[in-house]
Protein chains: 2
Amino acid sequence: MMNVQLTVPSMMERAEKLFGKKEVVSKSSKGIQRLTYNQLIKRTRQLSSMLERIGVKRGERVGTFAWNHHKHLEAYFAVPGIGAVLHTINIRLDSEQIVYIINHARDKVILLDECFLPLFESIHQKLPHVEAYIIMSDEDKLPETDLPVYHYENWIQQGHASHSFVQDLNEEEPAGLCYTSATTGEPKGVVYSHRAIYLHCMALGLADSAGLSEADTAMPIVPMFHVNAWGIPFAAVWFGTKLVLPGAFCTSETIASLIEQEKVTLAAAVPTVWLNFLQEIEKRPYAVDSLRAILCGGSAAPKSVIREFQEKYQIEFMHAYGMTETSPVVTVSRLKSYQYSEDFEYQLNVKAKQGFLVPGVEMKVIGQNGEIAWDGVEMGELLLKGPWVASEYYKDKRTEDTFKDGWLYTGDIVTVDEEGTIKIVDRTKDLIKSGGEWISSVDLENALIAHEAVFEACVIAVPHKMWQERPIACVVLKDAYKGIVSSEELLEFLALQFAKWWLPDDILFMDEIPKTTVGKFLKRTLREQVLNHYQKG
Amino acid sequence: MMNVQLTVPSMMERAEKLFGKKEVVSKSSKGIQRLTYNQLIKRTRQLSSMLERIGVKRGERVGTFAWNHHKHLEAYFAVPGIGAVLHTINIRLDSEQIVYIINHARDKVILLDECFLPLFESIHQKLPHVEAYIIMSDEDKLPETDLPVYHYENWIQQGHASHSFVQDLNEEEPAGLCYTSATTGEPKGVVYSHRAIYLHCMALGLADSAGLSEADTAMPIVPMFHVNAWGIPFAAVWFGTKLVLPGAFCTSETIASLIEQEKVTLAAAVPTVWLNFLQEIEKRPYAVDSLRAILCGGSAAPKSVIREFQEKYQIEFMHAYGMTETSPVVTVSRLKSYQYSEDFEYQLNVKAKQGFLVPGVEMKVIGQNGEIAWDGVEMGELLLKGPWVASEYYKDKRTEDTFKDGWLYTGDIVTVDEEGTIKIVDRTKDLIKSGGEWISSVDLENALIAHEAVFEACVIAVPHKMWQERPIACVVLKDAYKGIVSSEELLEFLALQFAKWWLPDDILFMDEIPKTTVGKFLKRTLREQVLNHYQKG
């Protein structure tokens, strides 16, 4: 067979030949912009020629610091198109982390939205490798600045609209780079090869995964700085799918309006977005029946959200699981055909899990005694392998903690049922190891949160002489229940669902639970607080 | 990213873990057999362990000479599963060609249906490399024979149901081999790598091509000795699709009955099969509404057939184009979403063409003045490139005629319209080069056959002093019109549709047109007959 390499530029070249009339809709501060693929691809070629002209070489990193819009999409293809590496920087990191990853990646050029110019003015002195900033501005002129800047629009006009993408790419060459924020220490980089992006896009187009198609209108709400917006921008261009890019500071109102106006058929975002979206469309009527499916990942969606999409709006809710290290899609929660005849509650339970492996990815789940039984009960750490799964962190010694014997150790604790459907039950580090058995902190938290009095619940492990570790629950009560509901009552409530040895040794009531900037529980901090509390007490 | 190889055994391993309950339905002389994937995969592992035990080594060829049934499917995975090469032999070749390809491939073992035993008894002396025949019999005992035979069922029972497939395969290693019958000379072999089969299967699963899914019930009517039954058996197992294998000497009645009984959703075959199928379901009522689509390739289907499927039965008719050298799928005729609003006749015209490229394959069309315009008029030879396109014929000097500068020269003359949709208009060798312009013999033939008096029409080129070549039409009239319709009348009929210089210089009436054993016109023989006719005349 021919030695044809699987590369990102070949994907755009297909769109150029077959789907020139199709459209990209991009929301900016000036309103909606519409470009045909023909226009978009000419601009992409212009951008790639200008990046070469200012000296970006094959293998070098070009950073982006931007929301979801067409200029960012142009960078998605222009950077790999010259053989350079698209480094999408998470705009939500704190400035120290941003400095760290730009220096660690040695970004030579950064493309950024104008709103982030002040941030870069404040950190530029700490970025010795950055030679130029290309400002993806919606205005005709840039504000005064001391930084070495170019105005994206004016600048790319000097480029060649028929500039050739690099032709001798090897599919193993790097095309993308994304850093995942570690809970401890600095962010860790994951490099995506052309091959990985290409194969991952194929997986997105499979009828049995997202089934992304030319006939779709796809809206990635998930930011383009999060694992390539789950690969959707790449795949959409390849398949000739109409793309809707919702721009900066995207609200539920914007999302609902765009779905209505552009007849979006497939949209992708984290659970919180979908929760807020449901509230928005309850409040005001929008025509959202164009949506054939939504893709939801990042964390587990509450069953109530899935129920509402499926039951009230007849919109297919596709739970997916993945991580920065896996490009990201690993599993999609689709029913098997022999489950079509099961009742709604059964199907809802299937869809509330994370799904089974898409073609291409392999897994192994290791519990306390080796590979676990697929019984939906036994717990183990999920190990992954596949052509779009990373094998290392970019220039990072922490590689050896996570990548072992050819497998990625995800740090996620899962159960697997008879159908091979996985359910995330905890993170390795949050799991409570009690007397040789494992207790899922997440299961206990979910049970507590279902009690009418509970506003927030966080379960942590504390050391125990005899049992090694025991669970302690920290609970924030709703105001109306404060001082009324006792820990005994909550323990009795839990006892209805769990074996006795699962029940927390204590339930501590608190005013708030410490959280990260993105709202995740800071379990490590909480653990210290709790231990202090017991030492004092 | 991980160095994970794209291999055939990994596809079956996925089915084993996720789709053990799904079913393979196989028609044999004893009636319908049903196996779960669990059973099928155990048997496949048994077969692979026995093939190893009798000494089949990695890279060696194992021939199959069989219809579409579950044992053949087991061989599809067991042979690549030990790193050997599955050589599917076309049972319709004449015995000399069969001897040639078995010797050329150096098949070490051949798995064959019992009905072909007499054939192999007659040629065995000419096959010095074949050490054993495994008879895939439906009977308990084999007939007496002098050949070194094993009874498939009894034999595999000695194998290990948990035998491991080879684990260190490189995706570039050969997995399959299929010979294409050349119109002149000996058949030419095409070797399929694991990577090519894997990627081709992914393409079959894309929502925008065949969209093969777990929810489908797929029936490859196309023989498993024709380009791996277009890849469907491989893909179906990978995706967990229920498979229906229609067995030997499959009639229209069998096809219609199986579709009805097994609720087939996707079936694949050449146009003649679909033409006969339509006649069958006109004659007798069958419930065929489970069919969501049919896949049709091998040659162009008449528009009337497409019309009937789409209009009368609301079954999606998917024309596909490919060849042995391309695994085979290269294009699928699907509407683009902006064509959904066009009227039925417009859509029918799109679907009557061969479609546009599936993701992964590239093309170039070379006419008389380099690359042709995409105007639906200019003609050129179709050149292909892609990860599942061959780069050579197996140990064959004729490689250099067909594979040049990294492209496969298909020998097919096509037009390409503004949408990138290709239409096959001729074979290179049948094209008529007249005065520096090209005339499509196929277009003239199709026009003639549309005349009520014409039963068959074949247009060939004859040498011409001034114009280099000129077309001559050979026509067989329907009995009722013999002696009634004149060549002038047919020429006038053609003049309504074609420019004057396209019209044949002569129309010769004949009693029959010489054909190959599979019913294709023998244009070379006809050309000699015609030249003799003019020399005598």
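In this predicted model, the contact between the two chains draws 58 residues from chain A and 58 residues from chain B. The size of an interface is often given as the accessible area lost when the parts come together. Here, the area buried between chain B and chain A comes to about 4,500 Å², and carbon and sulfur atoms supply 61% of that area. The count of salt bridges between the two chains is 4. A salt bridge also joins the side chains of Glu171(A) and Arg195(B), with a distance of 2.7 Å from N to O.

Within chain B, Arg43(B) pairs with Glu74(B) in a salt bridge whose closest N and O atoms are 2.7 Å apart. Arg43(B) belongs to helix α2 (residues 37–53) of chain B and Glu74(B) to helix α3 (residues 70–81) of chain B, so this pair ties together parts that are 31 residues apart in sequence.

On the α1(A) side the contact is made by Met12(A), Glu13(A), Ala15(A) and Glu16(A), and on the α2(A) side by Asn38(A), Leu40(A), Ile41(A), Thr44(A) and Arg45(A). By class, the residues of this contact divide into 4 nonpolar, 2 polar and 3 charged.

Another pair in chain A consists of helix α15 (residues 441–449) and helix α16 (residues 487–495), which pack at an angle of about 115° with their axes 10 Å apart. Accordingly, α15(A) and α16(A) are roughly perpendicular to each other, and their crossing is right-handed. Leu444(A), Ala447(A) and Leu448(A) of α15(A) meet Leu490(A), Phe493(A) and Leu494(A) of α16(A). The contact of α15(A) with α16(A) has 6 nonpolar residues, with no polar and no charged ones.

The axes of helix α7 (residues 194–205) and helix α8 (residues 232–239) of chain B come within 9 Å and cross at roughly 75°, which makes α7(B) roughly perpendicular to α8(B). From α7(B), the residues Ile197(B), Tyr198(B), Cys201(B), Met202(B), Leu204(B) and Gly205(B) meet Ile232(B), Phe234(B), Ala235(B), Trp238(B) and Phe239(B) from α8(B). This contact of α7(B) with α8(B) holds 10 nonpolar residues and 1 polar residue, with no charged residues.

Some features of the backbone also deserve a look. Most residues other than glycine have a negative phi, and most peptide bonds are trans. In chain A, however, the peptide bond from Ser327(A) to Pro328(A) is cis, with omega near 0°. Pro328(A) sits in the loop between β14 (316–322) and β15 (329–332) of chain A. In chain B, Ser327(B) and Pro328(B) are likewise joined by a cis peptide bond, with omega about 0°, and Pro328(B) is placed in the loop between β14 (316–322) and β15 (329–332) of chain B. Gln468(A), a residue other than glycine, has a positive phi near 75°; Gln468(A) lies in strand β26 (residues 468–477) of chain A.

Notes: Residues are numbered from 1 along each chain as its sequence is written. Chains are lettered from A and ligands numbered from 1 in the order in which they are written. This is a predicted model: local features need pLDDT of at least 70, side-chain atom pairs count only at pLDDT 80 or more; totals for chains, interfaces and linings use all residues. Side-chain values use heavy atoms; hydrogens and water are left out. Contact means heavy atoms within 4.5 Å. Helices (H or I, at least four residues) and strands (E, at least two) are DSSP runs, numbered from the N terminus. Ala, Val, Leu, Ile, Met, Phe, Trp, Tyr, Cys and Pro count as nonpolar, Asp, Glu, Lys and Arg as charged, and the others, Gly among them, as polar. Buried area is the accessible area (1.4 Å probe) that two parts lose on being put together, summed over both. Axes are lines fitted to C-alpha atoms, for helices over the stretch in contact, and angles run from 0 to 180 degrees between N-to-C directions. Angles under 35 degrees count as roughly parallel, over 145 as roughly antiparallel, 65 to 115 as roughly perpendicular and the rest as oblique. A crossing is left-handed if the near helix is turned anticlockwise from the far one by less than a right angle, and right-handed if clockwise.
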